[in-house]
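This briefing concerns one protein chain, shown below. Please keep the sequence and the structure in view while reading the points that follow.

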Amino acid sequence: MKSFRDKRRDNRPQHARPEQARPRDAFAAGRQQAASAERRETKPADRQDAKPAPRVLARREGSLPAERLPLILEVAPNADYALLDSGAGEKLEQYGPYRIVRPEGQAIWQRALPAKEWERVDAIFTGDTDEEGIGRWRFPKAPLGETWPMKHDGIDYLGRFTSFRHVGVFPEQASHWDHMAGLIAAAKRPVKVLNLFGYTGLASLVAARAGAEVTHVDASKKAIGWARENQEMAGLADKPIRWIVEDAVKFAEREERRGSRYDIVLFDPPAYGRGPKGEVWQLFEDLPGLTDLCRSILTPKPLAVVLTAYSIRASFFAIHALMRDTFAGMGGTVESGELIIREKSAGRALSTSLFSRWVA
């Protein structure tokens, strides 16, 4: 579901560059253009962004959790969503009633469907496709509104045409959602879920429908507004979901201080971003501290911690090793691999992200 490898227009270190900056995380989309411009400036010393002291980390004692890898979690075409075809740097998708074409850098093969199938579409993402630029949607048949009704496993929500090529949902995450719902149902007790970088809320809605009490955190006020709309549309307004507009790391630090604890933690951080008050996030620098924080805010009988890493130039072995080290002494199993979407036309697998999850 991620973008193609755009030309970079900033001066970030190579290892920290995302292939796409995502407005669905704790760093709001509306700030990304300004942030990009700021990074191209050389700031005087008194204008440098303040960053809190890094979390002091020490290697955990105890045996490492068992491991299961590589684990490939696959989403197949269904009535709600399908990857119809891909190739030549693009993907052809079906979201409910609409056929959509978007950039896809990993589709380096040739298209399987004929050109007429690619031309029979409702929306095409075009224009400025830089990772931090504002793009445009072209509607070949008729102009479409910003939103349209969608479903996931019986949950109603709104698809959206955004200027950052996203459509308000990341279908490949369905594998994690199903797994989480199974854990909640099997626990047969009250379960508390924390969803960091929660975007438009599908994971939170799945968890709430399964019976969990959910805390959903995203620094984008607009994303939280979308998530609330989705809750109403899904008919889940009576479910216990707290919607928090805040920087994810700061929220987790505060929960640690005040003793709030969770049975399941989901975190889906960007490769690079800025928070609502100028907080700077660099995945390779800040992920170890946040992972440690996620362990520290677990209940005495936790169920799982799920990390998804989009758009980074690394192997899943890197985050696998981090998760095993972080959860040393807690038993359980760390499962790591990739999320993929199975193409309908030729059956090819399109990889969308890396993941690692600790399961008690």
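Is the crossing of H3 and H4 left-handed or right-handed? In this predicted model, the crossing of H3 and H4 is right-handed. The protein chain contains 8 helices and 17 strands. Of its 360 residues, 56% are buried.

**Helices H3 and H4**

- Helix H3 spans residues 174-187 and helix H4 spans residues 202-209; the two pack at an angle of about 25 degrees, and their axes are 9 Å apart.
- H3 is therefore roughly parallel to H4, because angles under 35 degrees count as roughly parallel.
- On the H3 side, the contact is made by Trp177, Met180, Ala181 and Ile184, while H4 contributes Leu202, Ala203, Val206 and Ala207.
- Sorted by class, this contact of H3 with H4 comprises 8 nonpolar residues, with no polar and no charged residues.

**Ser175 in helix H3**

- Helix H3 also holds Ser175.
- Ser175 has a relative accessibility of 14% and so counts as buried, because buried means under 20% relative accessible area.
- When residues up to four places away in sequence are not counted, Ser175 touches Leu73, Glu74 and Val75.

**Helices H6 and H7**

- Helix H6 (residues 248-258) and helix H7 (residues 283-296) cross at roughly 35 degrees, and their axes come within 10 Å.
- The crossing in which H6 passes H7 is left-handed.
- From H6, the residues Val249, Ala252, Glu253 and Glu256 meet Leu290, Leu293 and Ser296 of H7.
- By class, the contact of H6 with H7 consists of 4 nonpolar, 1 polar and 2 charged residues.

**Lys151 in strand E7**

- Lys151 lies in strand E7, which covers residues 147-152.
- The relative accessibility of Lys151 is 39%, so this residue counts as partly exposed; the partly exposed class lies between the limits of under 20% for buried and over 50% for exposed.
- Lys151 and Tyr81 are 70 residues apart along the chain, and their C-alpha atoms are separated by 8.7 Å.
- Apart from its neighbours within four places in sequence, Lys151 is in contact with Asp80, Asp156 and Tyr157.
- With one of these residues, Asp156, Lys151 makes a polar contact from side chain to side chain at 2.7 Å.

**Ile319 in helix H8**

- Ile319 belongs to helix H8, which runs over residues 316-326.
- With a relative accessibility of 4%, Ile319 counts as buried.
- Beyond its neighbours within four places in sequence, Ile319 is in contact with Leu287, Leu307, Ala309, Leu354, Phe355 and Ser356.
- The C-alpha atoms of Ile319 and Gly337 are 9.5 Å apart in space, and the two residues are 18 residues apart in sequence.

Terms used. Residues numbered from 1 in each chain as written. Predicted model: local features only at pLDDT ≥ 70, side-chain atom pairs only at ≥ 80, totals over all residues. Heavy atoms only, no water. Axes fitted to C-alpha atoms, helices over the stretch in contact; angles between N-to-C directions. Helix = DSSP H or I, 4+ residues; strand = E, 2+ residues; numbered from the N terminus. Parallel < 35°, antiparallel > 145°, perpendicular 65-115°, else oblique. Left-handed = near helix turned anticlockwise from the far one by under 90°. Contact = heavy atoms within 4.5 Å. Nonpolar A, V, L, I, M, F, W, Y, C, P; charged D, E, K, R; others polar. Buried < 20%, exposed > 50% of the residue type's maximum accessible area, 1.4 Å probe, protein only. Polar contact = N/O pair within 3.5 Å; in protein donor to acceptor, adjacent residues only side chain to side chain.
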